[in-house]
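Please look over the fold before reading on. The report below goes through its sheets, core, ligand shell and a few single residues.

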Amino acid sequence: WGQLYIVATPIGNLSDMVPRAIETLQQVSLIAAEDTRHSARLMDYFQIATPMTAYHDFSDNDKTEKLISSLKAGEDIALISDAGTPLISDPGYRLVQVARSEGIRVVPIPGACALIAALSASGLPTDKFRFEGFLPAKATARVKTLESLKSSDATLVFYEAPHRIVACLSDIATTFGDQREVVVARELTKTYETFLSGTVAEVADKVQEDTNQQKGEFVVMVGPGEQKLTEIDSDTERLMGYLLEELP
Ligand code: SAM
């Protein structure tokens with residue numbers, strides 16, 4: 001059987017393409033791409049002549065089956081998305097799920113990923129983080145999702161579109177309070193890469209004042225709130241009882 005390679009591509013700067021990704025894309029029989037026209041530029045740049053076929057999560061089951069049959073017939077296939085790591089807010093889940101359940105070897109070729117790039121340079125805690133992908137487009141659903149994340153003790157990471165960045169920051173301020181620490185990473189690895197950090201009130205002001213800060217691609221990160229001790233386990237409660245008895 002052939003192998004399915006999950007190949008990361010750059011999120012802006014073409015120099016972020018790793019040599020192993022180029023070799024893999026040159027050597028496989030077929031590249032399944034989110035958008036073949038979009039990826040044609042990358043293929044030209046790296047002189048990759050491998051045939052491409054379109055694959056996204058809305059592709060019908062036949063398309064998945066066809067790729068699985070080709071893999072079983074011994075062909076190696078690479079999956080790429082428009083930018084970054086496939087399956088991370090990008091197509092591919094169904095193909096990988098079926099491939100694995102059929103016992104086909106799935107091999108990741110790691111590279112750029114906006115969430116990891118943003119988080120690693122944000123200055124926010126990275127020991128525990130929660131990636132939420134894109135928030136809902138509609139305001140009520142967005143606020144509801146944010147409400148559900150309010151008590152999280154992890155750094156929250158969101159992807160956001162330029163036309164919603166102002167509304168998103170405003171909803172974060174309303175839900176989490178305008179003193180919560182946020183970092184907005186924009187245009188990572190590109191010419192106008194910017195990190196804005198501070199309280200959500202400060203960052204929202206900076207973005208609102210300058211329309212240039214509303215252009216491009218965004219990763220929005222929210223620092224963890226201060227944790228309140230709301231529950232005490234039974235052992236601690238018993239111990240506190242003993243200690244209280246000893247108090248004069
Ligand atoms: N699979 C990609 C990855 O590995 O990061 C993400 C794909 S998702 C459809 C696209 C979103 O990722 C953008 O709307 C933006 O939120 C984020 N993103 C992608 N490239 C970025 C960049 N260069 N700078 C900041 N955010 C970026």
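## Terms and model

Helices (H or I, at least four residues) and strands (E, at least two) are DSSP runs, numbered from the N terminus. Two residues are in contact if their C-beta atoms, placed from the backbone, lie within 7 Å. Axes are lines fitted to C-alpha atoms, for helices over the stretch in contact, and angles run from 0 to 180 degrees between N-to-C directions.

This is a predicted model: local features need pLDDT of at least 70, side-chain atom pairs count only at pLDDT 80 or more, and totals for chains, interfaces and linings use all residues. Residues are numbered from 1 along each chain as its sequence is written.

Strands pair if DSSP finds at least two bridges between them. Five strands make an open sheet with parallel pairing, in the order β3-β2-β4-β1-β5. At its edges are β3 (52-54) and β5 (106-109), each pairing on one side only. Neighbouring strands here are turned by 25 degrees against each other on average, direction ignored.

Strand β4 has two parallel partners. Three bridges join β4 to β1 (residues 4-7), and I6 has L79 as its bridge partner in β4. Four bridges join β4 to β2 (residues 30-33), where A32 stands opposite L79. Strand β2 also pairs with β3, in the parallel sense over three bridges. The partner of A33 in β3 is A54.

Helix α1 (residues 19-27) lies across β1, β2, β4 and β5, and runs at about 140 degrees to β1. Helix α4 (residues 93-101) packs on the sheet and touches β1, β4 and β5. The direction of α4 makes about 135 degrees with that of β5.

## The mixed sheet

A further open sheet has five strands in the order β6-β7-β10-β8-β9, with mixed pairing. The edges are β6 (129-134) and β9 (194-199); each has a single partner strand, so one side of each is left without a neighbour in the sheet. The twist averages 15 degrees from one strand to the next.

Strands β8 and β9 pair in the antiparallel sense over six bridges. In β9, V184 has L196 as its bridge partner. Helix α7 (residues 165-176) packs on this sheet, touching β7, β8 and β10, and its direction makes about 5 degrees with that of β10. Helix α8 (residues 200-209) lies across β8 and β9, at about 140 degrees to β9.

## The nonpolar core

A residue is buried if 20 or more other C-beta atoms lie within 10 Å of its own, exposed if 12 or fewer, and partly exposed in between; C-beta atoms are placed from the backbone. A nonpolar core is a set of buried Ala, Val, Leu, Ile, Met, Phe, Trp, Tyr and Cys residues joined through C-beta atoms within 7 Å. The largest such core has 56 residues. Those with the most contacts inside it are V7, A78, L79, V182, V184, V219 and M221.

What does V7 touch, leaving aside its neighbours within four places in sequence? The contacts are A21, T24, L25, A78, L79, I80 and I109. In a regular strand the side chains alternate between the two faces of the sheet. In β4 (residues 77-80), I77 and L79 point one way and A78 and I80 the other, and all are buried.

## The ligand shell

A residue is near a molecule if its C-beta atom, placed from the backbone, lies within 6 Å of it. The ligand is surrounded by 24 residues. The closest are G84, A114, Y159, L188 and E217.

Elements α5 (114-120), β7 (155-160), β8 (181-186) and β10 (218-222) each supply at least two shell residues. By class, the shell has twelve nonpolar, six polar and six charged residues. Ala, Val, Leu, Ile, Met, Phe, Trp, Tyr, Cys and Pro count as nonpolar, Asp, Glu, Lys and Arg as charged, and the others, Gly among them, as polar.

## Single residues

Q3 is in the segment before β1. Q3 counts as partly exposed because it has 17 C-beta neighbours inside 10 Å. Q3 and D76 are 73 residues apart in sequence but 4.8 Å apart in space, C-alpha to C-alpha. Not counting residues up to four places away in sequence, Q3 touches D76, R105 and V107.

Most residues other than glycine have a negative phi. S89, in the loop between β4 and α4, has a positive phi near 50 degrees. T189, in the loop between β8 and β9, has a positive phi near 65 degrees.
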